[in-house]
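The following exercises concern a multi-chain structure. Each sets a task and then works through the solution step by step.

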Amino acid sequence: MTMMLALIPLLPLFAALFAGFFGRRVPRHWSHWVCCAAVGISFILSAVVLYKVVVLGFTEINVTLYTWLDLGSTKLTIGFLVDPLSALMMVVVTLVSFLVHVYTIGYMKDDPGYARFFSYIAFFTFSMLMLVMSDNFLQMFFGWEGVGLASYLLIGFWHTRPSATKAGMKAFLMNRVGDFGFIVGIGLLFATLGTLNFGEIFARVDELQGLNVSLWPGLEWSLLTVACIGLFVGAMGKSAQVPLHTWLPDSMEGPTPISALIHAATMVTAGIFMVARMSPVFEGSDTALSLMIIVGATTAISMAVLGLVQNDIKRVVAYSTLSQLGYMTVALGASAYSAAIFHLMTHAFFKALLFLAAGSVIIALHHEQDLRKMGGLRKLMPITYVTSLIGAWALVGLPPFSGFFSKEPIIEAARFATVTGHTYAYWALTLGVFLTACYTFRMIFLAFHGAPRYGASSHGSHKASHKEHHEAPKESPKVVTIPLIVLAVCSVFAGILFITPMLFGDYFGTSIYGNYVAHDAMARLYANWQGVLHYLLHAFQTLPFWLALAGIATAWYFTLSAPTAADRLVKTLGAAYGVLKHHFYIDAFYERVIVRGTHSAASWFVRGGERFWSEGVLVQGTTRLVQWGAQSLRYLQTGYLYHYAFAMVLGLLVLMTWWGIKK
Amino acid sequence: MNVPVLSLLIWLPIIAGVAVLAVRNVDGGRPSRWLANAAAWAAFFIAVYVLCRFQSTSAAMQFSERVMWIPYFGIEYSLGIDGLSVLFIGMNALITLLVIAAQKAGSKGSYLSALLITSGLTYGAFSARDAVLFYIFFEAMLIPMYLVIGVFGGAQRKYATTKFFLYTLFGSLFMLLALFYLYGVSQTFSLQAWHHLPLSLYMQLILFGAFFMAFAVKTPMWPLHAWAPDAYAEAPTGAAIMLASTKIGAYGFLRLLLPIVPDAAQVLAPWMIGLSLLAVIYFGFVALAQTDLKRLIAYSSIAHMGLVTLGFFLFDAVALKGAVLLMVSNGLVVAALFFCADSLEKRLGSYRLTDCGGIVKAMPWLATLLVFFAMANIGLPGTSGFVGEFLVILGAVGYQLGVGLLAATVVVVGAAYTLWMVRRVVFGPVTHSSVSAITDLGMRERLLLSVLAAVMLGFGLWPQPLLGMADASITQLLAHMALSKL
Amino acid sequence: MSFSAFLFYVLAVILLASAVRVVSARQPVHAALSLVLAFFTMAALWITLGAEFLGLALVVIYVGAVMVLFLFVLMMLDVRQTDQSPRWRLHLVPALVVGAVMLAEIVLLIVNGTRTKTESLETSASMENTRELGELLFEDYLYSLELVAVLLLVGMIAAIVLTHRQSRFAKRQEPAEQNAVRRDDRLRIVSMQAETETEDDTVHSSEKREH
Amino acid sequence: MPGLEPTLTHYLLLAAALLVISLVGIIANRRNVLVLLMAVELVLLSANLNFVAFSAYYNDLSGQVMAMFVLATVAVESAVGLALLILLFRRRGNIAIQTLDVMKG
Amino acid sequence: MTFSLIPLLPELTLLAALSLILLMVALYPSQDGTAAYRLTQLALWVALLALWLTQDIEEPQLIMNGMLLRSTSTLLMQSAALLALSLALLYGRASLIRQKLWQPETFMLFLCSTLGVLAVIGAYHFVPLFVGLELMALPLYAMVALRKDDALSIEAGLKYFFLGALASGFMLYGISLVYGATGSLGLLAIAHLAEGFGSSNTLLLLGLIFIVAGLAFKLSAVPFHMWAPDVYRGAPTLVTLFISTVPKLAVVVLLLRLMSGPLSSLLTEWQTMLALLAVLSMIVGAVVAIAQPNLKRMLAYSTIGHMGYLLLGALVGNTDGSSAAMFYILTYALSNLVAFGVLLSMNETSDGDSKNADGKITLSRGSDLEDFRGLYQRSPIRAVLMTLAMLSLAGVPPLLGFYGKFAVIAVALINGFVWLSIIAILTSVIAAFYYLRVVRLMLFSSRSEGEGEGEILPAIGVIPRTVLTLNGLALLALGLFPSVLLDTTAQALAWTFGLL
């Protein structure tokens with residue numbers, strides 16, 4: 001068992017090392033074969049593990065590999081904790097990863113950094129698996145940072161583009177801001193409980209109740225709240241919650257498979273996973289839950305609004321990802337951890353699908369990403385179109401697609417939640433459904449419907465040869481379409497199949513802990529639960545369903561029915577549109593205030609601290625002082641004999657006065 | 001155990017250094033290079049032997065040697081290592097070996113000689129058990145370093161090396177006064193005896209000040225750091241590495257300051273923590289504004305040393321262990337980064353960030369390794385940099401949330417300047433005409449950096465063996481510090 | 001006031017006055033002559049203190065030899081009256097202030113220090129004094145005497161070495177320089193272009209010959 | 001204060017006065033080196049007066065012996081001093097004290 | 001009364017050599033200095049030998065009617081003086097030839113002065129002490145002015161002479177007061193007579209003050225130091241070396257002797273006075289040297305500073321302090337010998353060489369710091385030796401100079417002179433700056449194009465080079481095994497303190 005568990009993350013790691021070190025010396029296809037095989041085997045093993053956990057009833061497998069560090073008071077170990085939660089994550093991660101690997105073969109086939117790319121994504125898979133399988137904070141942090149590194153490298157994969165490297169750096173730094181909170185949270189737990197092991201922390205979490213922590217002597221806060229907020233800040237960074245979200249849209253600079261794998265399906269959900277994993281801790285702090293629900297709702301609504309005005313196909317999907325992450329966060333805040341994880345899973349499928357489909361479109365159009373230059377691809381790329389459509393439906397949450405089953409409980413949970421801000425969250429999420437439908441279908445309509453707008457206007461906008469320009473877009477190869485199909489299947493059926501066990505069964509068992517007395521959202525959901533069919537039918541009576549339809553209609557109106565209406569609307573909105581176009585000026589704020597502030601602070605430190613104080617005053621000042629002393633004392637040495645004699649007599653006089661007359 | 005292993009370790013490089021100096025002009029310098037390499041390897045193997053034979057379960061001094069040296073003052077040639085020393089001896093051996101092995105044909109014999117002598121003296125400082133012996137090793141290092149920087153350094157070398165010399169001398173002379181005082185009280189220069197010497201708090205505070213001057217300069221800590229960036233930046237790579245990686249200043253805190261004046265350290269801990277935090281943040285920002293690769297590395301190292309001293313003064317087991325591990329790690333990382341900078345400079349002729357850019361295209365090996373080292377510098381888990389940093393931050397949070405928050409800013413600030421550096425150097429468009437024409441790392445450089453990378457990785461993935469060696473001594477140090485000497 | 005007291009005061013006044021004159025006279029010759037007077041007075045004072053031999057020695061050595069040497073040098077160098085620098089009085093003020101303070105302090109300390117030493121000085125002058133002095137000098141102080149002998153030799157050597165002027169044009173061998181000469185200094189081999197007579201050269205040389 | 005009858009104190013004070021006069025002479029002298037030489041003679045003379053006075057006071061001849069040696073020493077000193085003076089004159093053509101300031105600082 | 005001349009053998013040897021040279025000059029007036037040089041060296045070594053053969057090491061003894069002390073400490077210091085002169089002459093030989101001082105009279109003066117030094121070191125009575133001091137000093141005045149055609153040399157000689165004579169006056173006046181206070185001139189007797197005297201005995205106190213002033217002049221302690229820079233600068237370099245080393249040995253012994261024995265009843269006054277001098281010397285020595293463009297002047301200030309450190313050890317006033325001070329002066333002398341040894345091998349010129357006797361004065365050249373620029377390229381051995389000397393003078397371990405500083409500062413601090421110790425270390429940092437500047441110029445700088453290209457440094461003979469190298473290496477070797485020297489001084493003192 002240990003061996004098998006260890007193999008799951010290690011296989012991708014070995015593949016990554018192989019591709020990284022030898023990839024450039026062996027034929028290209030070796031890289032993808034090795035990586036795909038490794039990840040594929042990982043997937044199979046993960047499935048076996050899931051099978052064991054779910055069916056054979058190993059509800060919790062806790063394996064220790066080795067002692068990383070023995071601190072005397074505690075041992076920091078490396079090991080795996082496999083329970084339903086992590087088993088599920090493992091399967092999702094390996095599955096999506098495997099599909100993306102396969103897809104990559106087609107997507108990246110002309111790229112010079114082929115092997116490198118495989119190495120990176122295999123490494124990413126390894127890190128992500130370490131993250132989800134860890135049984136302690138240390139290892140989780142390892143995976144956490146590992147995926148961050150992979151993300152950084154992959155966003156900046158086309159390193160000659162300054163925008164790409166900048167986006168990579170931005171992603172890393174924003175994540176680092178999150179890590180700042182994360183590490184403080186971990187530190188607080190460690191300082192109080194003296195351990196980093198999840199099991200031990202959960203067992204002793206009650207000790208934390210009522211403890212206070214002081215920022216400095218005199219200012220006391222609840223320890224649990226501070227720790228939870230710290231951890232959540234980490235999650236905010238990784239899961240791109242407002243205001244630490246700006247890196248995610250920029251991360252679209254990376255190749256599309258990455259956007260699908262890392263920035264939609266897996267890595268960005270690590271924050272959600274972590275909070276769910278830490279549910280026993282978070283349950284102790286209403287303040288933290290409240291913060292989550294508000295932040296999540298804000299993210300959900302604001303990012304959905306921004307999704308409306310994007311013209312880059314990948315950015316639309318990216319903003320939708322942000323918005324959906326907001327939904328998950330709201331679920332966490334509402335203590336509906338299982339709902340969050342469920343949405344995480346379904347979202348992984350349909351969002352990966354959408355990204356990959358977008359990627360498929362992009363290849364077909366020779367790396368054209370602007371929606372305004374697409375259109376009419378429905379006929380030319382039927383598989384892409386159909387799968388996209390499925391993904392869109394799932395995203396919008398139309399029954400019976402998986403998104404419906406995962407999103408609806410979240411909205412309900414927000415309604416039933418007890419913590420402060422849940423009402424705001426409920427309305428934000430509900431409105432979010434409408435907006436989701438709007439931007440999703442705007443994208444679908446612009447890309448696949450209407451008249452083709454590519455070709456003429458895209459003239460000379462990229463470096464592809466002219467010959468390729470005039471070729472009509474055609475359906476992508478099988479390595480691209482097969483993953484799409486698999487994901488589409490998942491997107492359709494994941495919800496309907498798994499909602500019963502995951503949300504209303506005892507699938508998660510003890511791996512997720514909810515205080516169902518104080519935070520009874522899930523309990524109330526459960527109370528209303530009458531089976532899948534009933535749930536489906538009930539959907540037609542709910543507000544979100546109709547809002548979704550309204551959203552689709554609106555999108556149709558503005559894109560296909562009356563394209564000019566959009567422009568008019570933009571004109572009418574004026575300043576408001578400007579705000580949206582500039583992403584609420586958050587980026588500008590970061591750029592102008594934070595980054596520039598940092599740089600000016602840095603240069604001020606250099607000028608004031610280093611050059612003036614350290615160098616100028618301490619070093620040069622001392623030197624000058626001594627030199628001034630030297631010059632003035634030198635001046636006394638006049639060269640005249642009588643002055644010399646005078647000095648001697650004076651010296652004698654001083655000695656005489658001091659020691660003689662004192663008596 | 002009749003072989004004086006430590007003496008061998010100390011004097012072998014020194015004598016070899018002198019020999020190298022003697023034969024430096026013979027046969028185009030080939031014998032001198034050969035000799036230097038042989039000596040470095042020999043010292044390395046001796047150090048490995050020491051590491052292997054070291055009993056990690058004991059906090060006692062091992063490999064002891066004692067000979068009366070200056071009977072008039074009761075100064076003994078007394079050597080011995082415990083868990084703290086052994087780590088740094090190992091690191092010094094590795095660094096020396098790499099630095100010497102990194103020298104290509106054409107490097108000057110006198111340079112190699114100075115490096116070897118410095119290395120030998122460093123071993124001495126790490127294994128001295130007599131205060132004066134320690135002081136002499138500590139100070140004698142100044143001479144070869146001074147000369148090496150002055151002769152082989154960059155454009156501002158004369159200014160930098162003078163400043164370096166005077167600063168260090170200035171600080172350490174205060175320590176000398178403290179040693180004299182302690183001698184006056186105890187009639188011995190034995191460090192071991194001083195550890196148990198009762199001292200009034202008033203005296204302890206004064207002694208603390210004196211020791212602090214010496215080690216804060218050497219470490220370096222704000223505000224006594226002004227020599228360091230210049231010296232690191234102007235020194236030739238090998239010397240800069242020897243200077244920045246050996247961590248003798250921080251070691252002084254562990255060996256002398258903390259055990260001798262623990263009560264004063266307790267009393268002044270808030271101030272020291274303040275200074276350390278200031279260093280972490282201030283130097284982080286300063287590093288952000290650097291345009292010179294070596295200076296950036298230098299400031300980064302100093303900022304990390306802030307974290308190390310923070311670990312010392314939290315009086316927490318976790319933090320102290322973290323600090324020790326961070327010292328080792330930072331030594332390795334700084335060495336690696338300086339090596340990278342050197343490789344770049346050799347090809348581009350400049351350390352300026354604006355002259356680099358886009359090297360990943362021409363030098364994928366260097367780019368890969370540089371990114372790895374950058375990640376180690378940031379403290380990415382899995383690399384050595386993480387271990388210490390993480391533990392110190394954990395300790396800091398436990399000490400006081402505010403301290404923890406400030407300490408944790410290193411996570412962001414450190415990443416900011418490191419990534420900025422990586423972005424300027426590794427990625428981005430090629431800004432300099434010669435970048436496209438350069439060749440990737442040669443076999444020697446590749447091997448060298450790979451070894452460092454492997455060590456860092458191994459250390460990051462499994463730090464326990466390393467900590468295990470020092471654990472008993474650190475525990476003992478903590479227990480000792482907890483006892484009042486009043 | 002006894003005669004000896006009277007004598008003391010007279011001599012003291014003369015001594016001080018001549019001392020002042022020594023340092024303040026405008027003419028160096030005057031200063032030297034005042035110094036002679038001071039020596040005389042001092043000799044007299046010593047004799048009143050019972051140190052006849054010493055007093056006479058002072059007269060013989062100083063007045064008879066040293067001061068003559070001084071005057072000799074004075075004449076030889078032809079040192080004329082030299083004026084003090086214009087700001088002389090300005091310099092004098094601090095000198096006088098320092099002098100006055102110092103004098104006051106010394107007086108204070110000496111008076112304080114000799115408070116117990118009030119017995120009158122013995123002036124038991126006799127010829128024995130000289131004899132005893134001689135015995136002391138040649139027995140107890142023999143070592144010092146030898147040293148002084150060397151010292152006098154030093155005076156001689158120094159004076160000779162310093163003032164002995166070598167004639168710049170005297171033809172003397174300098175063995176050191178001769179020894180220091182190396183082969184290259186003796187013979188300089190100049191490599192020159194071999195001369196071949198060309199048309200032009202012959203013309204020139206014939207022209208030169210004519211000149 | 002001492003009485004009128006000359007005692008040891010009187011002689012010592014006389015010597016002190018002589019010393020101070022010559023010291024003032026040395027430091028106020030802006031003229032030539034020769035006077036300086038004479039003033040130095042006076043300094044040593046004042047010390048000698050002390051010796052002789054103390055010798056008389058203690059009725060101990062060693063003070064006189066010392067004075068004797070001092071006399072010899074001072075004579076040599078004068079010789080050396082004059083030799084230097086002559087050197088200076090030869091090189092500079094004068095013995096003005098103000099010109100001796102080539103080296104300073 | 002009878003006494004043996006055997007203990008006087010060293011002095012007599014020198015005297016014999018002196019007489020021989022005198023005779024030779026009389027017989028062969030036009031000879032150069034070669035014979036005199038050889039004779040002098042021979043005499044020095046014979047004297048050294050005689051010194052060691054005639055000494056009863058264990059027992060200190062007073063000979064010549066209690067005028068002369070023979071003890072381990074005098075043995076040590078006299079040997080040091082002889083050895084130092086021998087080395088100095090060896091190093092300066094070529095320089096003497098170049099400066100046209102290669103004449104027998106030069107060596108006679110050296111011998112005379114050394115005789116004075118031996119006398120002072122041994123003197124246990126004020127009479128031979130004073131005469132010895134004069135015997136030591138008077139030849140020096142002449143030696144400084146030995147370059148008769150060099151205005152600087154003459155000026156230096158005159159300044160040295162007048163200030164020295166004034167200082168002798170102080171000294172003598174002080175001795176007379178001590179005599180007056182105690183009624184004796186013998187140090188041993190004074191020690192007994194003055195036993196109960198405190199500072200209330202103002203006669204003794206005044207005497208002490210004058211004596212301190214006189215000693216301070218000889219040591220060139222501030223504010224009695226003014227002569228030193230000018231004399232160092234103007235004197236022929238060999239003479240500078242001599243002045244900065246050999247008489248200092250004697251004066252240190254004298255200081256320690258007076259302090260520990262005859263005048264020990266005024267120890268507090270000693271201490272405070274010396275403390276003042278020490279502080280001023282350390283500060284002035286360190287600070288003013290920074291602004292000096294000439295190495296000889298710089299070394300003068302360096303000496304001033306070193307005397308400050310020495311006083312720091314001396315003022316402690318016990319065995320430890322005295323041995324520290326003695327050790328210090330030995331380390332200083334050894335280092336100084338190397339520094340000057342290198343300087344002596346440089347090409348010094350003066351206005352006397354240029355034959356322009358029109359009264360225009362040009363400063364002598366060859367000893368400016370600028371002349372050392374890029375020395376390593378021209379002559380590595382000189383540069384390396386000078387570096388060793390500079391680092392030793394700066395007190396950087398593991399060179400010998402460090403242990404000197406170590407000893408004095410340790411002794412001072414342990415005995416409670418904390419502020420003095422702090423000033424000592426601060427000034428030694430400042431001092432390190434100017435020592436390093438020399439190193440920097442020699443090793444790190446190179447001559448600019450076309451400047452001094454043609455200038456070739458004079459070759460150093462094989463023997464001087466070997467000895468100078470050994471001397472330089474001794475700084476390092478004794479730094480590694482300082483006990484050799486430290487124990488010697490300490491034991492020398494331990495046996496004889498009280499009768500120092």
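Domain bounds, as used below, come from an automatic or database domain assignment. This is a predicted model, in which local features need pLDDT of at least 70, side-chain atom pairs count only at pLDDT 80 or more, and totals for chains, interfaces and linings use all residues. Residues are numbered from 1 along each chain as its sequence is written, while chains are lettered from A and ligands numbered from 1 in the order in which they are written.

**Exercise 1. Domains of chain B**

Task: State how chain B is divided and describe the side of domain 1 that touches domain 2.

Solution. 
Step 1. The division gives domain 1 (1-267) and domain 2 (276-486).
Step 2. The C-alpha centres of these two domains of chain B lie 22 Å apart.
Step 3. Domain 1 of chain B brings 46 residues to the contact and domain 2 of chain B brings 45, where two residues are in contact if their C-beta atoms, placed from the backbone, lie within 7 Å.
Step 4. On the domain 1 side, the elements giving two or more residues include α3 (83-101) and α13 (262-288) of chain B; α3(B) has the largest share, 9 residues. Helices (H or I, at least four residues) and strands (E, at least two) are DSSP runs, numbered from the N terminus.
Step 5. By class, this side holds 31 nonpolar, 12 polar and 3 charged residues. Here Ala, Val, Leu, Ile, Met, Phe, Trp, Tyr, Cys and Pro count as nonpolar, Asp, Glu, Lys and Arg as charged, and the others, Gly among them, as polar.

**Exercise 2. Overall form of chain B**

Task: Determine how the radius of gyration of chain B compares with the globule rule.

Solution. 
Step 1. Chain B contains 21 helices and 2 strands.
Step 2. Its radius of gyration is 21 Å, close to the 23 Å that the globule rule gives for 486 residues, so chain B is as compact as a globular protein of that length. The radius is taken over C-alpha atoms, and the rule is 2.2 Å times the number of residues to the power 0.38.
Step 3. The C-alpha trace of chain B spans about 65 × 55 × 40 Å along its principal axes.
Step 4. Of the 486 residues of chain B, 70% are buried, a residue being buried if 20 or more other C-beta atoms (placed from the backbone) lie within 10 Å of its own, exposed if 12 or fewer, and partly exposed in between.

**Exercise 3. Chain D and chain C**

Task: Identify which element of chain D gives the most to the side that touches chain C.

Solution. 
Step 1. The contact joins 64 residues of chain D to 71 residues of chain C.
Step 2. α1 (8-28), α2 (33-58) and α3 (62-92) of chain D each supply at least two residues of the chain D side.
Step 3. α3(D) gives the most, with 20 residues.
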